[in-house]
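Let's take a walk through this model together, beginning with a pair of packed helices and ending in the core.

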Amino acid sequence: MKLYNYFRSSASFRVRIALNLKGLDYDYLPVHIARGEHKTGAFSAISPDMLVPLLEDDDGERFTQSMAIIEYLDEIHPEPALLPRDPAGRAHVRALAQSIACEIHPLNNLRVLKYLVRELKLGDEAKNTWYRHWVREGMLAFERQLVQRPASLYCWGDTPTLADCCLVPQVFNGQRFDCDFSGLPRTMAAFEACMQLDAFQRAQPSRCPDAEP
């Protein structure tokens, strides 16, 4: 398999975690989003939305959107499972994952931050205030979801799930912007538990071939 990704992309980070949890080998193909490489050249010709990540499987079929890619991997390589077996459990884990992937991330990804600066003429402090506000609001909602359930090692149960694949990259990105993660005991305990695992450690941005300071 081939994974087109960018080391700082939280969506790419999610897929790297899933691939590692599944024990799947892949070729790492960097696409430098900050330099606009996703909109030019060979990558733009194969990616309809010109976004990372993009996964190309062994048969040459290509898949976009991190959540769809992870669920595809979970279906073709069912162990270890990233979604619970029961329908209710799957719905709850998807809700946790989408709280990050659909509520926090779209407001704070790189193209949005660039638009705030270039088109709306916000300064860096205003941009960072925007980022921190929406991360904080979203993570408080995430914590509220967690506390409705019995305590567990990870976001859902005692093995990592799709929710953890989304949580860890969001915390990493939030830490870059000095976001406030206080008062989120269940959330941060799940994050710390994940970071004890090699699959999460190897997926982090600093371990990527295209990593920059």
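**Helix packing and the core**

H6 and H8 are roughly perpendicular to each other (a term for angles of 65 to 115 degrees). Their axes cross at roughly 90° and come within 8 Å, with H6 covering residues 124-147 and H8 residues 185-194; helices here are DSSP runs (H or I, at least four residues), numbered from the N terminus. Axes are lines fitted to C-alpha atoms over the stretch in contact, and angles run from 0 to 180 degrees between N-to-C directions. On the H6 side, the contact (heavy atoms within 4.5 Å) uses Met-139, Phe-142, Glu-143, Leu-146 and Val-147, while H8 brings Pro-185, Arg-186 and Thr-187.

A word on the source: this is a predicted model, where local features need pLDDT of at least 70, side-chain atom pairs count only at pLDDT 80 or more, and totals for chains, interfaces and linings use all residues. Residues are numbered from 1 along each chain as its sequence is written, and side-chain values use heavy atoms, leaving out hydrogens and water.

Of its 54 residues, Leu-167 and Val-168 touch the most other members. H7 gives the most to this core, eight residues. Beyond four places in sequence, Val-168 touches Phe-13, Ile-17, Phe-191, Cys-194, Met-195 and Phe-200.

Finally, find Asn-20 in helix H1 (residues 10-22). Asn-20 counts as buried because its relative accessibility is 9% (the cut-off is under 20% relative accessible area, with a 1.4 Å probe and protein chains only).

Definitions and conventions:
Helices (H or I, at least four residues) and strands (E, at least two) are DSSP runs, numbered from the N terminus. Angles under 35 degrees count as roughly parallel, over 145 as roughly antiparallel, 65 to 115 as roughly perpendicular and the rest as oblique. Buried means under 20% relative accessible area, exposed over 50%, partly exposed in between (1.4 Å probe, protein chains only). A nonpolar core is a set of buried Ala, Val, Leu, Ile, Met, Phe, Trp, Tyr and Cys residues joined through side-chain atoms within 4.5 Å.
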